[in-house]
Amino acid sequence: MDEKIIAMRAKLEEELAAATDLQQLETMRVTYLGKKGCITDLLKDMKSLSPEEKKTFGQDVNLLKNEATEKIAAKTEQLKNEEILREINSMPEFDLSIPVNMDRGSYHPITLVQRECEKVFISMGFNVENYSEIVTDYECFEALNIPKHHPARDMQDTYYLENGQLLKTHTSAAQNAIYKKYKDALVNDGVPIKAIFPGRCFRNESTDACHENTFFQMEGVMVDKDISISNLIYFMKTMLSEVFKKDIKVRLRPGFFPFVEPGFELDISCLICGGEGCPSCKHSGWLELCPCGMIHPEVLRAGGIDPDEYTGFAFGLGLTRLAMMKYGVKDIRDLNSGSLKTLAQFTDDE
Ligand code: DAH
């Protein structure tokens, strides 16, 4: 086998063994397998070879390419799993073996967190809306600026029903109906739209400690004249500080969602270390909590609201994740297990 191929294989193995984070692997993928990557580069040497040599050389390069693709993908998967495990293990623990009083019922931890969020938002003048779990394609995607065949649909693997409707993949599916319900009061009487809508969402995901096919979100929207990102930051900070019973710092990073422009990921200061850096926040001092943004003009328009006159913010809070963070639940499956013993651990909070 050609010496260059042997050397490159050895280098690949060495770098793979040394790689400790996903960014390194992505760089490796581009360096080895990209269009201008070093494996493709090897083919330049073919020119000087005889037809017979060309054949074996080509085969060997292909073999190396397949090997590199598989090994980089396998290592990426391994590091991702390790990261999930690290996150789970660094969470504070609740003790399942504590004896509990099973004579009385208890609220589900998600209900507790949901009620707490609702209480804060109601005190700030928001309406709580209830919305169905079965929705149309229009509500879940089209009205949110996600047309058919848009790649963003791939982010949410959807359960479709035989009649063409679907199980809502996110609480954003209620946005269109909420705008239509409140737009007349907004336009005619100047009443801002302020609503939150918690609900169960469904995605065709394989389950592990961090993923479930059924989970809860809480969406919130506010629309009025001159609503800005500062309003969004204020409401989120107030709500989260109440829920976690301490002063929470928030920061925004850019994030892409077709129904907001600009879109953000909202991070909160780490609940464990308060921002100093610890294993729980991967030493960054921040935890990713909630995507949000300024409502896209097309989404307002689909709801019958003139985007030249009104602006608004929207956020999609992961209630299940919030409950896990608040109560230190390390495995999401515990929340849907129906185990009374698990759920009774939270009774005393109310
Ligand atoms: N619906 C999105 C999801 O589940 C989350 C989301 C992102 C909601 C941005 C929002 C938003 O309201 O502004 O993936």
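## An enclosed space

Across the whole structure, a search finds one cavity of 30 Å³ or more, a cavity being a set of points on a 1 Å grid over the protein atoms alone where a 1.4 Å probe fits but cannot get out. The model is predicted, and local features need pLDDT of at least 70, side-chain atom pairs count only at pLDDT 80 or more, and totals for chains, interfaces and linings use all residues. Residues are numbered from 1 along each chain as its sequence is written, and side-chain values use heavy atoms, with hydrogens and water left out.

The largest cavity holds about 30 Å³ of space, the volume being that filled by probe spheres set on the points, which are joined across faces, edges and corners. Its lining, made of residues with an atom within 4 Å of a point, consists of Tyr131, Lys168, Thr171, Ala174, Phe197, Pro198 and Gly199.

## Two domains and their contact

An automatic or database domain assignment divides the chain into domain 1 (3-90) and domain 2 (109-343). Six residues from domain 1 and eight residues from domain 2 take part in the contact, which means heavy atoms within 4.5 Å. The centres of the two domains, taken over C-alpha atoms, are separated by 39 Å.

## The buried area

Between domain 1 and domain 2 about 650 Å² is buried, with carbon and sulfur atoms giving 59% of this area; buried area is the accessible area (1.4 Å probe) that two parts lose on being put together, summed over both. On the side of domain 1, Glu87, Ile88 and Ser90 lose the most area to domain 2, together 65% of what that side buries.

Technical notes
1 Å grid on protein atoms, 1.4 Å probe; cavity = no way out; pocket = protein on both sides within 12 Å on 5 of 7 lines; lining within 4 Å.
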